[in-house]
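Here is a short report on one protein model and its ligand. Keep the structure open as you read.

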Amino acid sequence: MEYDKIEVPDEGEPIEVVDEERIELDIPDHPIIPILHGDGIGVDVGPAAQTVLETAARATGRDISWLRVYAGESGREKYDENLPEDTVKAIKEFRVAIKGPLTTPVGSGYRSLNVALRQRLDFYANVRPTYHLEGVPSPVSKPEEMDMVTFRENTEDLYAGIEWEEGTDEVEQVREFVEDEMGFDDTFHEGPVGIGVKPISEKGTKRLVRRAIDYALEHDRDSVTLVHKGNIMKFTEGQFRDWGYEVAREEYGDEVITEDTLWEERDGETPEDVLVVNDRIADNMLQQVLTRTTQYDVLATMNLNGDYISDACGAQIGGLGIAPGANFGDARCLAEPVHGSAPKYAGQDKVNPTAMILSGEMMFDYLGWTDAANLVRDAVEATIAAGEVTYDLERNLEDAEKLGTSEFADAVVGRIEQLA
Ligand code: NAP
């Protein structure tokens, strides 16, 4: 493996595919794992998560050789590039990696590096579990009721990056085409306009929904809800719903039942051990996650809805400092917290590293290191329950001790050593 400016560690082995057809990975006990600390608070949460994760790996008889990779600010410093080829190649070749947040300027500048990474490496499912940890303060009265996993399609929708800036020749060409050739005259207002395209494909939808259903079956969940705004955007979001139901009906036999069949054939009575696939309109869903929290389990949705809904769910379990995530492709995983680079706190050793640590827990789960994953989660939970927390939780708790990022990570490391 040839790289320009990064050095692959001598110790450790790459994770490799052993069965191309079944997309099965061979996971060594001492893998090489690329890590990108990220921009802004990435410089705080990246090293903190790294320490916690390597402690949990060692405590369960394994080891990790980290391969530091760079993008965003660190990419510009080292390579004079936002997204160096070394980084894309390393994440591609080593298959399982973890990253912190990357800054994306609004309006001008470069396109989102996160979106570029997800698209280039075909990380098509962004998975965001939202569950409550004991002791975490929440704005709702029963935060323990929140236990949902959002599967967000990651490669298309309005995030695909097909858009044209107002005032350019291109945007005028598109306007002309849409008005004159496609017959949507009088649709655009006069004067400057920006235009974006929203592709939703059968391939993108079906592989995402399949992944959500597989997860729900494996984890004994009760339902998968297709979240869409198909009443308005019929040929994109409505089609997402239809293709989603098609997957459920055609590929899962008796294991899965759709909500309409349930009512037509069984008066709404759900049989035991059957996964229900239903659908909800996105705006209603944003309300339901708050008002009917226990009725939902796994959500499968498109890129933009998924971003909104998972943040709303995250708010109920303690906010962005807590909410983990991971991107999955075929035989690939890139763990990353839901939060961004929060530039105003960068380098202050202040923010909560839990979201990145728990993203690492998801990565461990993917590796099949369930014992290490449980150890990480238990240690984080015990630390928070003991009232040892960062500023974001401390401000909503009485009698808690406010710790910095690295102090919190040390406290978690101490608990891992006790619990192991
Ligand atoms: P943000 O960075 O997530 O921060 C928003 C607020 O969330 C912070 O001000 C803070 O709230 C809280 N927060 C976030 N992370 C936290 C942590 N680890 N611990 C404690 N509190 C935390 O969102 P943003 O300000 O909208 O975005 C900043 C940049 O990040 C943008 O360039 C955006 O594009 C980028 N971004 C990147 C990713 C990614 O890399 N995957 C994701 C989202 C956004 P309080 O100030 O109230 O404490």
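## A loop with a positive phi

Ala331 sits in the loop between β14 (326-329) and β15 (332-335). Strands here are DSSP runs of E with at least two residues, helices are runs of H or I with at least four, and both are numbered from the N terminus. Ala331 has a phi near 55°, which is positive although the residue is not glycine. Most residues other than glycine have a negative phi. Ala331 counts as buried because its relative accessibility is 6%. Buried means under 20% relative accessible area, exposed means over 50%, and partly exposed lies in between (1.4 Å probe, protein chains only).

## About the model

The model is predicted: local features need pLDDT of at least 70, side-chain atom pairs count only at pLDDT 80 or more, and totals for chains, interfaces and linings use all residues. Residues are numbered from 1 along each chain as its sequence is written, and side-chain values use heavy atoms, with hydrogens and water left out.

Asp399 lies in the loop between α13 and β17 (401-402). Its phi is near 60°, again a positive value in a residue other than glycine. Is Asp399 buried or exposed? Asp399 counts as exposed, because its relative accessibility is 81%.

## Around the ligand

Which residues place N or O atoms by ligand oxygens? For Thr104, a backbone N or O atom lies 2.8 Å from a ligand oxygen. In Arg395, a side-chain N or O atom is 3.1 Å from a ligand oxygen. The protein covers 70% of the 880 Å² of accessible area that the ligand has on its own. Such areas come from the Shrake-Rupley method with a 1.4 Å probe; for residues, only the protein chains shown count as cover.

## A residue on the surface

Met182 is in the loop between α5 (169-181) and β9 (195-196). Met182 is partly exposed, because its relative accessible area is 47%.

Terms used: Polar contact = N/O pair within 3.5 Å; in protein donor to acceptor, adjacent residues only side chain to side chain.
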